[in-house]
Each structure stands twice: as C-alpha cells, then as structure tokens.
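Q: I want to learn how to read a model like this one. Where do we start?

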Amino acid sequence: METIGAILRKLREDKALLLRQVAAATELDSTMLSKIECDDRLPTKQQLEKLTKFYKADLNEMTASWLADKIVKDLMHEKMALRAMKMAEQKITFNKKAKI
C-alpha cells in the first residue's frame, strides 16, 4: 500500500511539476514538502487539505490514507495494535450510533 507521501509524490510527478512549483502554489516550504514526499514526516491536516485541493484529488480518500499512516506510525511496534484497532472500530461505530 502506498503512503500518503508516495501518493502526493505521484500526483506531483503525474503533473510534471517540480517541488518548488507545488510549494509556491500551496504556500508550503519546499524542504517540508520533500520530507513529506519521502515519508520523513506526515503532513498536518491543513497541509494535506491544501495539497489535496491543489492536485484536485479526492479529499475523503486522501484523508483516509493520511489517517491510516498516522495510525501505523503510532501503533506499528505495539503487540496489541490489531486488537486495539478492532476495539477502536467498534467504539467509533457505537459512538456514531449513539451520536456522541
């Protein structure tokens, strides 16, 4: 599965744009954008939204991929990660039904 950084890099390369062009258009630092594309750091939600809008990508898909990367980063070395994820899914479903 591709990371959000790889997806963003592919979107940029598919449009034949340089990092500095995207950085200027989105008002992001080109060094930070490079780190995001190389998976050295995750974008903030605001940065992700700017980039998604710039590339005219699907915000729901991009956000889901970004959230997945955040979860993986936080939990990948935890023995109980998958169990915790299943419990979190159940809690989210319950809370949505209860409208908490």
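A: With a definition. Helices are DSSP runs of H or I with at least four residues, numbered from the N terminus. By that rule, Q47 lies in helix α4. Keep in mind that this is a predicted model.

Q: How many helices and strands are there in the protein?

A: Six helices and zero strands. From the N terminus on, the order reads α-α-α-α-α-α. The C-alpha trace spans about 45 × 30 × 20 Å along its principal axes.

Q: What share of the residues of the protein count as buried?

A: Buried means under 20% relative accessible area. Of the 100 residues, 25% count as buried. As for contacts between residues at least 6 apart in sequence, 53% join residues at least 24 apart.

Q: Back to Q47. Is Q47 buried or exposed?

A: Q47 has a relative accessible area of 10%, so it is buried. Leaving out residues up to four places away in sequence, Q47 touches L28, M32, I36, R41 and L42. Now look along the chain: A57 is 10 residues from Q47, and their C-alpha atoms are separated by 14 Å.

Q: How do I read the sides of a helix?

A: Start with the general idea. An α-helix has 3.6 residues a turn, so residues three or four places apart point the same way. Now the case here. In α4 the buried residues are Q47, L48, L51, T52 and Y55. They cover an arc of only 130° around the axis, which puts them on the same side of α4.

Q: Which exposed residues does the face of α4 turned away from the buried side carry?

A: Q46 and K53.

Q: Which helices do the buried residues of α4 pack against?

A: They pack against α1, α2, α3 and α5. Take L51 as one example. Not counting residues up to four places away in sequence, L51 touches L8, V22, T26, L28 and L33.

Q: T26 is in that list. Where is T26 found?

A: In helix α2. T26 has 5% relative accessibility, so it counts as buried. Beyond its neighbours within four places in sequence, T26 is in contact with K50, L51 and F54.

Q: Which residues of the largest nonpolar core touch the most other members?

A: A nonpolar core joins buried nonpolar residues through side-chain atoms within 4.5 Å. The largest one here has 13 residues, and I4, L8, L51 and M62 touch the most other members. The elements that give two or more residues to this core are α1 (4-14), α2 (19-26), α3 (30-37), α4 (45-55) and α5 (59-75).

Q: How do I describe the packing of two helices? What are the angle and the axis distance for α1 and α5?

A: Give the angle, then the distance. α1 and α5 pack at about 140°, with their axes 9 Å apart. On the α1 side the contact is made by I4, I7, L8 and L11, and on the α5 side by M62, S65, W66 and D69. By type, the residues of this contact divide into six nonpolar, one polar and one charged.

Q: And how do I read an aromatic pair?

A: A pair of aromatic rings is described by the distance of the centres and the angle of the planes. A search of the whole structure finds one such pair. The rings of F54 and Y55 have centres 5.2 Å apart and planes at 70°, so the pair is edge-to-face. The cut-off for that label is over 60 degrees.

Q: Are F54 and Y55 buried, partly exposed or exposed?

A: F54 has 27% relative accessibility, so F54 counts as partly exposed. Y55 has a relative accessible area of 4% and is buried.

Q: Where is A16, and what is its phi?

A: A16 sits in the loop between α1 and α2. Phi of A16 is near 55°, again a positive value in a residue other than glycine. With a relative accessible area of 66%, A16 is exposed.

Terms used
Residues are numbered from 1 along each chain as its sequence is written. This is a predicted model: local features need pLDDT of at least 70, side-chain atom pairs count only at pLDDT 80 or more; totals for chains, interfaces and linings use all residues. Side-chain values use heavy atoms; hydrogens and water are left out. Rings of Phe, Tyr and Trp (its six-membered ring) pair if their centres lie within 6.5 Å; planes under 30 degrees apart count as stacked, over 60 as edge-to-face and the rest as tilted. Buried means under 20% relative accessible area, exposed over 50%, partly exposed in between (1.4 Å probe, protein chains only). Contact means heavy atoms within 4.5 Å. The arc is that of the directions from the helix axis to the C-beta atoms. Axes are lines fitted to C-alpha atoms, for helices over the stretch in contact, and angles run from 0 to 180 degrees between N-to-C directions. Ala, Val, Leu, Ile, Met, Phe, Trp, Tyr, Cys and Pro count as nonpolar, Asp, Glu, Lys and Arg as charged, and the others, Gly among them, as polar.
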